[in-house]
Amino acid sequence: MAEDNHNHNKNGSIDHNHDEPITQLSKRSKLYHQQQQQEQPFITEPEIESEFSHHDPSIARINNGSFGCCPKSIINDQQHWQIKYLRQPDNFYFNQLKPGIINSRAAIKDLINAHSIDEVTIVDNATTAAAIVLQQTAWGFHEGRYNKGDAAVMLHYAYGAVKKSAEAYVKRSGGTVIEVQLPFPVTSADQIVTQFRMALETGKSNGRKVRLALIDHVTSMPSVVIPVKELVKICREEGVDQIFVDAAHAIGCTDVDMQDIGADFYTSNLHKWFFCPPAVAFLYCKKSSKSSDLHHPVVSHEYGNGLAIESSWIGTRDYSAQLVVPSVLKFVNRFEGGIEGIKKRNHESVVKMGEMLAKAWGTNLGCPPEMCSSMIMVGLPACLGILNESDTLKLRAHLRDSFEIEVPIYYRPPKEGEVDPITGYARISHQVYNKVEDYYRFRNAVTKLVSDGLTCATLQDK
């Protein structure tokens with residue numbers, strides 16, 4: 001069939017025969033070109049396969065979005081740092097740890113176009129970063145700077161752990177949490193903007209103030225790229241006190257530029273789409289008087305010395321994932337275009353594969369291609385009978401156990417009056433290690449389930 005005429009090229013993407021040259025003139029692109037002139041030629045297909053040879057070869061792994069991936073050379077570098085610590089922990093602590101973390105912060109500062117390294121803190125993950133920001137909001141209520149009932153506004157599709165953090169920090173402190181109800185499937189960014197404006201109006205009703213806006217950059221499930229720059233601008237116009245962008249998936253997956261986005265706080269994991277080992281993320285805090293009152297929720301000896309210093313030592317633990325960032329930057333610059341080229345090719349490939357799957361199943365994508373990153377939502381055939389969240393887990397387990405396919409599935413409740421609605425969407429990812437055969441296996445598996453008349457009602461709970 002026509003869709004099968006794709007090749008997996010040397011840069012880890014599916015070749016669609018319409019690649020265009022990368023012309024972005026950002027600091028990141030300039031840094032890539034400077035480094036590429038001094039380093040080895042572009043990485044080859046066999047080298048990519050070797051870097052990810054520790055992956056289970058029997059699995060069609062089209063779920064990079066959940067846990068990311070780490071190449072073998074970076075795992076080796078991480079182990080080198082671990083041995084340094086175990087060999088002489090006192091020397092590591094006094095002479096190597098802090099300089100190593102500063103080097104990583106400096107690399108991140110350039111990647112995200114922050115003004116200063118002082119704006120960059122390294123933490124374990126985006127969930128930790130959310131706790132840091134929301135903890136400050138809670139103190140605002142406890143210390144009387146905010147009035148009882150003042151609001152935090154967040155997207156309905158916010159990550160579950162961040163929703164729980166808002167409940168734990170904001171609601172328990174006397175604040176109100178307002179969720180922006182977003183449509184899905186989504187057809188345009190305007191739909192999101194309209195709903196966001198309505199939520200801000202609700203937050204300001206009855207004399208309340210919106211103290212914090214929590215905005216996703218790339219929502220997890222369902223996965224959609226949010227018009228974050230426009231929403232930040234609206235927040236400024238509407239007098240929102242502070243803006244926190246939860247961009248757990250963003251770095252290495254979509255454009256990330258702190259000066260362009262303009263939020264007060266921004267976090268992204270480095271172990272999802274930037275090839276770091278788990279677990280490491282950054283938290284950007286725009287310089288202001290309010291940013292000086294941020295603290296790590298784990299209080300240790302560095303408390304009071306600034307968030308970045310506090311976070312660099314939260315007790316004895318393995319800091320190696322935080323120390324390999326400069327090595328990861330060298331790894332991504334082995335690919336044509338560096339991280340910009342990787343994300344461009346991943347986006348093109350995941351759109352192509354998503355369109356192929358939707359055509360094969362007679363369904364649709366969950367958003368326009370320009371609103372997806374390196375992940376895209378693809379409708380599953382309605383005859384599979386996905387009626388609730390439990391069904392998505394059963395179907396996912398069946399695909400794993402019977403077809404060796406790893407892919408998350410989202411349940412979309414039907415709207416009133418819909419006839420034969422698509423209630424299940426698969427979130428497929430594309431990363432440099434993926435091959436077109438991974439997606440054909442998924443296509444064929446679902447086609448077989450349909451032809452066999454299988455429904456979620458016939459699957460056993462795991």
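This is a predicted model: local features need pLDDT of at least 70, side-chain atom pairs count only at pLDDT 80 or more; totals for chains, interfaces and linings use all residues.
**Entry 1: a term to start with**

I call a residue buried when its relative accessible area is under 20%, and exposed when that area is over 50%.

Seven strands form an open sheet in the order 4-10-9-8-7-5-6, and the pairing is mixed. Which strands sit at the edges? I found strand 4 (120-123) and strand 6 (176-180) there, each pairing on one side only. From one strand to the next, the twist averages 20 degrees.

Strand 5 (residues 151-155) and strand 6 run parallel, and five bridges join them. I picked A152 to trace a bridge, and its partner in strand 6 is V177.

**Entry 2: helices on the sheet**

Helix 8 (residues 189-203) packs on the sheet and touches strand 5, strand 6 and strand 7 (210-216). I noted its direction as well: it makes about 160 degrees with that of strand 6.

What does helix 5 lie across? I saw helix 5 (residues 89-112) lying across strand 4 and strand 10 (281-285). Helix 5 runs at about 120 degrees to strand 4.

**Entry 3: a loop residue, I43**

I43 lies in the loop between helix 1 (27-38) and helix 2 (45-51). Is I43 buried or exposed? I marked I43 as buried, because its relative accessibility is 1% and the limit for buried is under 20%. I also checked a distance: the C-alpha atoms of I43 and Q96 are separated by 30 Å, and the two residues are 53 apart along the chain.

A reminder to myself: most peptide bonds are trans, and most residues other than glycine have a negative phi. I went looking for exceptions.

- A cis peptide bond joins F184 and P185, with omega about -5 degrees. P185 is in the loop between strand 6 and helix 8.
- A cis peptide bond also joins P278 and A279, with omega about 0 degrees. A279 lies in the loop between strand 9 (265-269) and strand 10.
- F275 has a positive phi, near 70 degrees, although F275 is not a glycine. F275 lies in the loop between strand 9 and strand 10.
- D420 has a positive phi too, near 45 degrees. I found D420 in the loop between strand 13 (409-411) and strand 14 (424-429).

D420 counts as exposed because its value is 65%, and exposed means over 50%.

**Entry 4: helix 15 from end to end**

I checked the length of helix 15 (residues 389-403), which has 15 residues. At 1.5 Å a residue, helix 15 should span 21 Å, and its end C-alpha atoms are 21 Å apart, so the two values agree.

At the N-terminal end I found a cap: a side-chain oxygen of N388 lies 3.2 Å from the backbone nitrogen of S390. After the helix comes E404, with a positive phi near 60 degrees.

I listed some of the buried residues of helix 15; among them are D391, L395, H398 and F403. What do the buried residues pack against? I noted strand 12 (405-406), strand 13 and helix 16 (436-451).

**Entry 5: aromatic rings**

A pair of aromatic rings is described by the distance of the centres and the angle of the planes. I counted 16 aromatic pairs in the model. F52 and F275 form a tilted pair, 6.3 Å centre to centre, with 45 degrees between the planes. F52 lies in the loop between helix 2 and strand 3 (60-61), and F275 in the loop between strand 9 and strand 10, so the pair ties together parts that are 223 residues apart in sequence. Both F52 and F275 are buried.

F331 and F335 form an edge-to-face pair, 5.4 Å centre to centre, with 75 degrees between the planes.

Note on methods:
Residues are numbered from 1 along each chain as its sequence is written. Side-chain values use heavy atoms; hydrogens and water are left out. Two strands pair if DSSP finds at least two bridges between them. Helices (H or I, at least four residues) and strands (E, at least two) are DSSP runs, numbered from the N terminus. Axes are lines fitted to C-alpha atoms, for helices over the stretch in contact, and angles run from 0 to 180 degrees between N-to-C directions. Contact means heavy atoms within 4.5 Å. Buried means under 20% relative accessible area, exposed over 50%, partly exposed in between (1.4 Å probe, protein chains only). The expected span of a helix is 1.5 Å times one less than its number of residues. A polar contact is a pair of N or O atoms within 3.5 Å; within protein, one must be able to donate a hydrogen and the other to accept it, and residues adjacent in sequence count only if both atoms are side-chain atoms. Rings of Phe, Tyr and Trp (its six-membered ring) pair if their centres lie within 6.5 Å; planes under 30 degrees apart count as stacked, over 60 as edge-to-face and the rest as tilted.
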